[in-house]
Each structure stands twice: as C-alpha cells, then as structure tokens.
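User: I would like to go through this model one feature at a time. Please give the general idea first, then the case at hand.

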Amino acid sequence: MKTLLIYPPFRINAGMGKVMCSPPLSLMNLAGASPDSDIEILDLNVDHSYGIDKMEKKIRKFDLVGMSCMTNMYRIVLNICKIAKRNDVPTLIGGFHPTLDKHIIEDYDCIDMIVRGEGEETFKELMDGKPKEEILGLSYKNNGRIHNNPDRPFIRDLDDLPYPKKDLIDYDPYHYLWVPADVVETSRGCPFDCNFCCVTQFYQRKYRMKSPYRVIRDLYQVPESQNLVFFVDDNFTLDSKRIIKICKLIQQSHLNSRLRFVCQSRVDDVANHPEMVKEMKKAGFICFFMGFESFRQNSLNTMNKQYKLNKVKKAIRICHQNDIMIFGSFIIGNIGETKEDVRFNIEMMSKLKLDFMMTNPLTAFPGTPLYYEALENGWVDKEFRFEDWDFGPMVKTPDLSKDDIQELLDESYESFYTNPRWLVLDKIKGIKSLFSKNAGWVSKQMMSFFSNGISKFMMNL
Ligand code: B12
Ligand code: SF4
C-alpha cells in the first residue's frame, strides 16, 4: 500500500510561519513506527508549488492519504480530503483537532478514518493490515456506519517509541529564527490544567518522560546539517533532576559543541530551579519559550495557571543572569482584562526585557474548559464552526470585542518589535557567532527581517 502523509500548511496571523519552520515530527514518527511501509511525506509548509491540479495528480498515485490536523489546519485538511475522495483515495486524519472533536467524522463524508490520541501503534497496525474493528484508537466508516473503537491506552514507556524516520524529508528549509533546526520530543503531556490548553485533554493530565539516555540517542539522530534543536515538549523542565542529568550527558558526549537548544518551560520551573537553568546554560541552551499569557494575577487565576506573579520576575531574572533568551507568549483577550490591562501587559513585555514575544488572540479550542465556558456565556457565537474560521479572534469577552482584540494584537507587535531596545539586541547579534559556519546565511536572513519592516513582516501574512 502506497501511503502519502501530508503536513498541511499553517494559517497563522502572527507571522510565526516566517520566523520558524519546523520539521513534521508527527509524520516522521508515524513513518518510524512502520519503517517497512511505502510512505512518502509531503510538507506543504515548505513545498508551495501545490495547486488543486497538482495535488489531484499527486494523490491519485497513492492508496491512502494521511494528514496531521491542528485546529488551525482543519479547513485545509477538509479540502485535501475532498480532493482525495473524488479520486477514490481513502483518507485518514490524526492529531489534536480530530482527537478532541472526533464527531467531525460524522459531519464529513470525505473523512474515512480518524486516529485518536497517540498515533504510532494505531498507524502501524493499520499499515500491517490488522482488521479495523480490532484497532484501538481508530474511528472509521464501514458501509456508511461510523465505528468508534475504544481508546488506545497511552504508550507506557516512551523509551519504546521508534525513532522518527528523518530520511523521508529534505532538511534544507527547516529553521528556527533562520538557524538550521530539528525537533526532538523527550516527554508527553502535562500535569497542569490551564483552561485554554489542549494538551491536558489530549494526554489526560498524564506526564511521561523518556529516560536521559534515550534523549541522548534521539539527539544523535539530529542531522549534521542542523545546529539547533527545539524540544517540542510542552513542559520540558518539569522534572529538574532529569533535565540536569540530560544536560550532564550532553556535555559528556560533547553534543553541545555542534548543537544549541531551545525548549518550552513553565515560569515556576525556572523560578524554582536556578541550579537547573545554570546547568542548561552550560549544556548549550540558548532560549526558553515561556507562556506568560498575562502579567495580571487575576488573569493567571482565571486561566488556572497555578503560579503567583512574583515567580515571573524571578524567572526572568534567572534567565537574564544565565544569558538565556526569553521568547514570551501572551494571550490577548483574557477574560476580565480591559484595554488598559492589555496595554499594561504590552508595556511590561519590553520593560521586563523579553527578547522575543508572540501574542495570540484568546482561542477556545475544542474540548478545552474554555471552549464550554465560552459557549455557555455567549463569548463564542453559537453558529461558529472551526471549518469557517478565518484564524482571527474567535472569542469576544465581556470587556473586549473581536475588533478590539485584533487592534490590540497589532498594537502589541508594533510596540514590541519597533522598540529600539529590540532592534539593537546584542543577544541576536550573538546568535551569528554561535553558528559561525552559517553566519553569512543567518546574517542575510536577519537583514531581510529588519529591512522588511518588522511590524509589517509580523502582521501581514
Ligand atoms: C511543535 C509545535 C508547533 C510547531 C509545528 C511544527 C510542525 N511542523 O510540527 C509550530 C511552532 C509551527 C506550531 C504552531 C502552532 N501551534 Co503548535 N504545537 C507544537 C507542539 C509544541 C509540538 C507538536 C509535536 O511535534 N509533537 C510531537 C508529535 C510526535 O506529536 P503530535 O504532533 O501530537 O503527533 C502525534 C498524534 O497527534 C498523532 N498524529 C498527529 N498527526 C497525525 C497524522 C496521522 C495521519 C495519524 C495517523 C496520527 C497523527 O500521532 C502522532 C504520534 O503520536 C504542540 C504541543 C504538543 N505537545 O504536541 C503544539 C500544539 C499542537 N500547537 C498548538 C497551537 C495552538 C499552535 C498555533 C495555533 C499557535 C499560534 N497561536 O500560532 C500554531 C498553529 C499552526 C497552524 N497550523 O496554523 C496546539 C494545538 C491546538 C489544536 N487544537 O490544534 C498545541 C497542542 C499546543 C497547546 N498547548 O495547545 N506548533
Ligand atoms: S499551558 Fe502549559 S502548563 Fe498549562 S496545561 Fe498547557 S502545557 Fe501545561
């Protein structure tokens, strides 16, 4: 069976797709789980040559089309499924959106199968030809009837995961802030319960980790051409002892002589474990991606962030002391925040000397507590359908209309990225020297980033 796995293009209004391009780990993992199957990966974020005709011709050559589907991709995923179905090619989708809203298989004839939850084992069984009714975690259609097989239990030991099949993609286009990059996963899930977050629902508050030795083996799989590793874990630093062990192994194996690292971290992990941050710096970590969301305690409480504001300043101070860049992520339109509150947040992003920031409109993703709350309170229109979503603000709050939220989003980028402090950021200049062999290329990209006018660049996608 010839299988085409497609990673759909991003539709984001904050320009993230321009400043980073990430290898499709989900699809490489699936291919790794079934290494002898005839699989091709097509990442539409790097191959922009596909129109409807070309897609039609491509899909016809395959016996199955599989796709990853985040909520933002849902509309385009449906369109590709329709193309496949009119060419009699069965369709399979997996990822966060179909898992958290499995009823979409009832709504659309063009979706034949959904893999719910972790995909590796379910996909392998499908590839091996196991009867569909015996495959846990699969929803499928048979003679017009929909079958939702029981959930598949989580993989018990993440060390058993297959290695992603990296030879199926060309690594050339993948970068984070123009540094050739790869992605590595070391844990799954999160024990916290922020009301807007899909991870808690997807992994049901369970947190599982690969052992430090397995993490090192994953790092050895990073192609020589790539200099930066983004750890995709939602909560990489949750277990500080494990992280310190990983950092020591990185140093012992000298992986940090060719690699630098970026991870996602919670504010309180950093604030509570300065010794971990110090060790991470030694091992080659250069940037933490942190979801601050807001600098108002009330907002943190409403979204159930479960830490106090005093941790924020402490975490930022620890990063600055260790020369680790901070990429802060914020939500515009938190429930209870007025325009003044949002402007306060925007002002603080520069005052607290964050190195990068991104702002997102409050979004009620399917299956999250926020989604049900928003529907109940009329913050989201009853008729709202994710397949019609234009990726702009979808939630209006008691204090802010959707237009207000869009204006404040624009204002945040304008204000932060045109701030002279940001433009002369010596740490950015420092990136070049870290990656001397790519310095020419990186600096060229940097120049185009500045000369394009950063605010336009970030907003006019
Ligand atoms: C890396 C990442 C990105 C990268 C994606 C790059 C890439 N090419 O993969 C970047 C930075 C670009 C990105 C962007 C965004 N992201 Co993101 N991202 C992640 C993150 C941190 C890791 C994804 C990952 O690689 N996981 C590891 C792989 C192995 O797991 P996986 O992708 O889930 O795949 C498994 C299963 O889902 C399933 N599966 C997945 N696809 C398929 C396909 C088939 C055919 C099958 C059978 C199974 C299957 O099997 C896989 C193996 O088990 C996740 C959080 C997380 N922990 O997953 C958020 C996450 C997926 N992102 C999220 C969001 C909201 C966004 C943004 C909207 C953020 C923003 N405001 O801009 C944008 C949207 C992009 C868009 N489509 O428009 C949400 C998704 C919510 C949702 N309902 O869809 C998540 C869950 C974060 C969160 N905490 O809520 N993201
Ligand atoms: S936002 Fe981060 S800390 Fe909160 S539940 Fe999601 S992954 Fe966990």
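User: In which sense do strand S7 and S8 pair, and over how many bridges?

Analyst: Strands count as paired if there are at least two bridges between them. In this predicted model, strand S7 (residues 138-142) and S8 are antiparallel and share 4 bridges.

User: What is the strand order of the open sheet?

Analyst: The order is S3-S1-S4-S5-S6-S7-S8, 7 strands with mixed pairing. Strand S3 (38-43) and strand S8 (145-148) are the edges, each pairing on one side only. From one strand to the next, the twist averages 20 degrees.

User: Which strands does helix H4 touch?

Analyst: Angles here compare N-to-C directions and run from 0 to 180 degrees. Helix H4 (residues 74-85) packs on the sheet and touches strand S1 (2-7), strand S4 (64-68) and strand S5 (91-94). The direction of H4 makes about 160 degrees with that of S5.

User: How many residues are in the largest nonpolar core, and which have the most contacts inside it?

Analyst: A core of this kind joins buried residues through C-beta atoms within 7 Å. The largest one has 77 residues, and those with the most contacts inside it are Val229, Phe230, Val270, Phe288, Ala315, Cys319 and Ile332. Helix H17 (residues 402-417) supplies the largest share, 6 residues. A second, separate core has 42 residues, among them Ala31, Cys81, Leu92 and Ile169.

User: What is Val229 in contact with, leaving aside its neighbours within four places in sequence?

Analyst: The contacts of Val229 are then Asp182, Val184, Leu219, Val222, Leu259 and Phe261.

Notes
Residues are numbered from 1 along each chain as its sequence is written. Chains are lettered from A and ligands numbered from 1 in the order in which they are written. This is a predicted model: local features need pLDDT of at least 70, side-chain atom pairs count only at pLDDT 80 or more; totals for chains, interfaces and linings use all residues. A residue is buried if 20 or more other C-beta atoms lie within 10 Å of its own, exposed if 12 or fewer, and partly exposed in between; C-beta atoms are placed from the backbone. Helices (H or I, at least four residues) and strands (E, at least two) are DSSP runs, numbered from the N terminus. Two residues are in contact if their C-beta atoms, placed from the backbone, lie within 7 Å.
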